[in-house]
Amino acid sequence: MDKIVVEHLNLRYSDGTESLRDLNLVIPANAITALMGPAGGGKSTFLRALNRLNDLADVVAQSGRVLIDGKDILEPEMDVIALRRKVGMVFSRPLPLPLTIYQNVSYGLEVAGERNREVLDKAVKLALDQAELWDEVHDRLSDPAEALSGGQKQRLCLARALALKPEVILLDEPTSALDPVATAKIESSLSELKKNYTIVIAPHNTQQTARVADWVAFFLQGEMIEFGPSKDIFTRPKDKRTEEYILGRYG
Amino acid sequence: MPEIFERRSRESHGEWVITRLIQTAGYSSIFFVLMILYFLLANGLPVMKDVSLSNLFSTVWYPIEEYYGILPLILGSLVVTLGAALIGVPLGILTAVYISEIAPQWVKEALKPLIEILAGIPSVVLGFLGAIVLSPFLRESLNLPTGLTALTGSILLGAIAIPTIVSISEDALNTVPRAYREAALALGTTRWQTIWGVTVPAARSGILMAIMLGIGRSIGETMTVMMVTGNAPVMPDSLGALFAPIRTMTATIASEMGEVSGGSPHYHVLFFIGIVLFLITLGVNVMASRIAFRQRKRSERVLS
Amino acid sequence: MMKYLLTISLILLLAACGPAGGEETSSSPSIYIENKGSDTLVNLALAWTERYQSMHPEVRLSVTGGGSGTGIAALMNNTVDIANASRKIKQEEIDMATSNGFIPIEFIVARDAIGIIVNHENPVNQLTMQQLADIFTGRIDNWAEVGGNDLQIVRVSRETNSGTHVYFLEVVIRLGSSESMDIFARDTLLLPSSEGIIAEVRDNPHAIGYDGLGYITDEVKVIAIAMDDQSAYILPSVETVNEGSYPIARDLYMYTPGEPPAPVKDYITWILSPAGQELVRELGFVPITP
Ligand SMILES: Nc1ncnc2c1ncn2[C@@H]1O[C@H](COP(=O)(O)OP(=O)(O)O)[C@@H](O)[C@H]1O
Ligand SMILES: [Mg+2]
């Protein structure tokens, strides 16, 4: 099933960089789609277009359409608050909010107006479970989130996004600040989560792409060069540039 | 070989002198503080000999008849300062939030120098404006018997504290990582929810420090207060005291020190008030620097 | 660093040369007059001194305060040429001086009168001394009690360090009684300057204040005062003060130990002349009419 359909998406920042050029792409539901490519290729910009976080940045020109469940989210009258609840995001820096562990997970629900303790408790437990963090923190939910280790913090950030019961999860280099053990935990959560969610990730290296991706999009300087099932991209890429990247020719 | 050796020793000699000079400068400020403290204590503590404790902590201040009750003065300072905090803190923080989170760039560039100008206005000028404009205005609009009240002082002291509160709070807000704001927004919060729920709490310690320093600044302020609070040593007994004249510790010292003869009980009492003022200001500043210290430790952890 | 040292030594050098150089240029003073006492009088005495010295470079006058008592004590010990006092010398002080071999000579050099002022909107035009005392001690707290509007009274005074404040305490609040322990009502506004007092009374219909006659302007209304309810209400003026009918006024004195020598006599004569009395008016006191 096609969850996200991108048509002729162009985006330019105020400094003149054409960060996305005529992007056409279909992202399937219940799978992990990885955005692969060298730094500056437009992966983050694309992810931020999907939850309209680019609204905060100096974007001077944007055109094209991004359809999620058939609805164009780039329309000005789009309710971005509702969109961001439906499209959760995990950033590269494992930075919990300056609150307790519990509050970090319940925060999104509370600002959405949820006041019922029981509902909140249940949602927090479920989200922490899904992020494979519950067992480690269930006895210290009211400690400051600051006290967690880096890997735990990042899983907390994942849990906080999951608590809102989103349909799409965006992850921008979520393990770039983590050690291999913590990285493995996140990756295992993701492969569990993809059964119920649409996941779009910018992995922080090619190895990770190969490990987690079902589908791969190769981004180079604002253009999508190639898109296909992970296996195909890694075994017989159609474009020479994709092949060179996989072989490690780009930085 | 000996030549090189000689040069190096000359260099390190110069460096030794510079180090000593800097060290002396550093220690001299400690030395000055200690000297001031010693001077205050030496002149203020003899009050215990001259004036009975029951007189010193009574509620009547009329030194020419040997009534040395300093309670109305201490409470007077506290009432004005509290009022200043009630006015200056919300306004200061809101302004800082506006400048750092909401205002478009050009407004930001216009507001910041304006606030610096406010900081630069001499307190006599502010006091003059207070006496000529603010005090009659308050008397008429609030239907008070006189406009020379604690409230008048509080408003002006609030204005004096605001630049300090704004600039330090704004710095604190600016150091909140962008990522916090983005993380909150990505969770579907509105801009206001992000500001109140995440950005301001994240800058909490810096803002607290701003408040402390702003308050410290207003406790010590003298000229303005002397011109607009009426200087009547009334014992403040309720919040209504905000709308009546009061006399602060600073105004008392400033207006009476010039005339008293050295070594008299009155002279010692004025120094004793100085000690009280010194201790209160010290307390506020210590609190501010402890908050700052805690904040620094935390940001170190966040960045590591 | 060198430059800095040089500046310092230059300053020291100049400081050292200063007085010497000065003496050479002007004809050096040969007559010294010592003048000491009342703090009320000290500014006036300094003004006289300055003006007089500029006309008579051969005279050098020194003025110090310390209070009337200090001045008279120095007089009795014969250590000053002129003692300033804001009160009359007491009989036992005269006796003491006499036993030291001289009789103090008294000169009235100026008068000090205090005007009572209210806002122009205030319908009250006159008060007795007793009413005034009751107002300033807080026993009367509403203008209606003395025939005015139903408004709370706001009392305005100079700071406690001013001589006027102390005089007002003795003469009005305590009505001249040395037993009275009455003091100003505690909510009396204590303002650091005459301008502050005039401004508050000018703007505020609740206010009543007092100040030296010379400081009072048309912006406020002056109240007529009666010694008691049998006596006439008198407005302060140079005439009523000089004839003694206005109750809140006092003489300011200079005393010399015995008949003054010529230079001191000349100085006092000048003080009593219109030129000297002009300064009296300028400093806010009442000049004496000869
Ligand atoms: N907020 C921004 N303002 C201006 N230019 C930006 C901004 N964010 C990214 N860019 C530019 O857009 C291009 C794509 O960046 P990005 O999307 O971060 O790439 P990637 O995530 O693939 O490294 C880069 O040239 C980058 O400099
Ligand atoms: Mg990126």
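The dialogue below goes through some features of a predicted model.

Me: What conventions hold for numbering and for the atoms and residues that count?

Reply: Residues are numbered from 1 along each chain as its sequence is written, while chains are lettered from A and ligands numbered from 1 in the order in which they are written. Since this is a predicted model, local features need pLDDT of at least 70 and side-chain atom pairs count only at pLDDT 80 or more, whereas totals for chains, interfaces and linings use all residues; side-chain values use heavy atoms, with hydrogens and water left out.

Me: How many helices and strands does chain A have?

Reply: Helices (H or I, at least four residues) and strands (E, at least two) are DSSP runs, numbered from the N terminus, and chain A has 10 helices and 10 strands.

Me: Why is chain A described as compact?

Reply: The radius of gyration is taken over C-alpha atoms, and the globule rule is 2.2 Å times the number of residues to the power 0.38. For chain A the radius is 18 Å, close to the 18 Å that the rule gives for 251 residues, so chain A is as compact as a globular protein of that length.

Me: What share of chain A is buried?

Reply: Buried means under 20% relative accessible area, with a 1.4 Å probe and protein chains only; by that criterion, 54% of the 251 residues in chain A are buried.

Me: Is helix H10 of chain B mostly covered or exposed?

Reply: H10(B) is mostly covered, with 12 of its 17 residues buried, among them Ile207(B), Met209(B) and Gly214(B). The expected span of a helix is 1.5 Å times one less than its number of residues, and H10(B), residues 204-220, reaches 25 Å from its first C-alpha to its last, close to the expected 24 Å.

Key
Buried < 20%, exposed > 50% of the residue type's maximum accessible area, 1.4 Å probe, protein only.
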